[in-house]
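Subject: Structure handover

Hello,

Please find the structure below, with notes on what was found in it.

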Amino acid sequence: MDASGEELSDLELENEAEHCGVEQEQEQEQEPETVAIMDAVKVLLQGLGEDINREGIRKTPLRVAKALREGTRGYGQTAKDIIQSALFPEAGLHNGVDQAGGAGGIVVVRDLDFFSYCESCLLPFQVKCHVGYVPSGQRVVGLSKLSRVADVFAKRLQKPQRLADQICSALHHGIKPGGVAVTLHCSHVHFPSMESVFLDSKYPGWVKVQVQSGSGAFENQDADVWMDFFSLLKFRGTDLSKAAGAPNLDAQVWCPSHFSSSKFSTRIESVNPRMIAAVTSILRSLGEDPSRKELLGTPGHFVNWLMSFHNCNVDMKVDMKKLNGFANGRIHCEPNDNGNNLSEKQIQSELNFLFWSQCEHHLLPFYGVVHIGFIRVDGLTPLEKSLLNPVIHFYGLKLQVQERMTRQIAETVSSFLGADIIVVVEASHTCMMSRGIEKFGCTTATIAALGRFSSDAGARAMFLQTIPKTTIGEL
């Protein structure tokens, strides 16, 4: 077959695969569980005052339903079937506990990345998992199955300690090894308090906790085999003490929705009862029992999280009035650039404004930092950094997309700082880890340049060089 024939054949195969994919999606859209979740999401959007037919929002119910069902597919899977299909004989192992490849009797698979949905608030949390086991009975398990078993339990509504215990128990009963060890490093997006968001540029974005579970030889937390396990993690750079997060954090109530310091109400009676009923319907459609003790407060917690991106808008409008004085003063001054190339001293950079927002496409949070640059004006009192916070949070604390938010901040700031404005937004999106490619650790940067910054590459470069190298995860 010639080259053109092969290309045609490849194209036909691609079209056939695409057609099959479309058919599968259409079938899923018509399933009763998907339809019920979509109807519930429409109620939630209407409760937020949104037009469910608006472009950008119109397909949100379907996107949310698909993400939730995919993220909780573990309810329809069993770990036993996965393990039993991948047990292999290993002649060097005796009936009792013995060595495995000269590794001192322990096999460790490190740095498995997962996400799971928090059973207290329905927001996704990130999991880095390390699994170890001591082979016995003249058999070993396929290494990929350790990851698949962990994923079965991660793809359910969870809390960290139970997730670790379930993974450990399933592996112990399925492999029948000398022992199993599981360590999880879990990161949950924070519920920001308004005071911290406005005043503290170092407000943490994540609540972190470390949990572990052991069986057999690992049942005793002081056993020497734990030292071997942790040593095999540490020499590849895993800092267990740093990953543990706050030392007094109770892993059983780690969800920020339980923290009294959060300014977001967690009283179920304070929120829309139709929205509460909608979230209850979602839990039921996912295969859960909404009357389970651990889920009783979940509808209220999730609705309150959503409503925080609706109720805050009024406060932002009031605070923005404080900017009038600065804007009036700038009208009588002109930038002193004399038509020449700008110098670094003429560009003022205001950096690392923390923001929170909610993706309107998936109803999942994203957070990060905003950097603003503008041209200084001689004779004008320097801008108070706190005056920019209301603008950022006015556009952040609502259903948003990052590209639009960047442009809106730039256009609004230009109304009182002049036409020459540059805005950079760096953000971490939970939808990137909890759906689709499930990519962990990636961030998104967007830029809006107005006036001189839009045409002067040198000015843009000078501003961009002032942005610190601190990662979003470190803030």
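Predicted model: local features only at pLDDT ≥ 70, side-chain atom pairs only at ≥ 80, totals over all residues.

Residues are numbered from 1 along each chain as its sequence is written, and side-chain values use heavy atoms, with hydrogens and water left out.

Cysteines. The whole structure holds 0 disulfides (pairs of cysteine sulfur atoms within 2.5 Å). For Cys-186, the closest cysteine sulfur is that of Cys-129, at 8.9 Å, which is too far for a bond. Cys-186 is buried at 1% relative accessible area, and Cys-168 is buried at 2% (buried means under 20% relative accessible area, with a 1.4 Å probe and protein chains only).

Helix H14. Helices here are DSSP runs of H or I, at least four residues, numbered from the N terminus. Gly-418 follows H14 and has a positive phi, near 100°.

Helices H2 and H10. The axes of H2 (residues 32–47) and H10 (residues 273–285) come within 9 Å and cross at roughly 160°; axes are lines fitted to C-alpha atoms over the stretch in contact, with angles from 0 to 180 degrees between N-to-C directions. The two helices are therefore roughly antiparallel (over 145 degrees). Residues making the contact (heavy atoms within 4.5 Å) include Ala-36, Ala-40 and Leu-44 of H2 and Met-275, Ala-278 and Ile-282 of H10.

Regards

Terms used
Buried < 20%, exposed > 50% of the residue type's maximum accessible area, 1.4 Å probe, protein only. Parallel < 35°, antiparallel > 145°, perpendicular 65-115°, else oblique.
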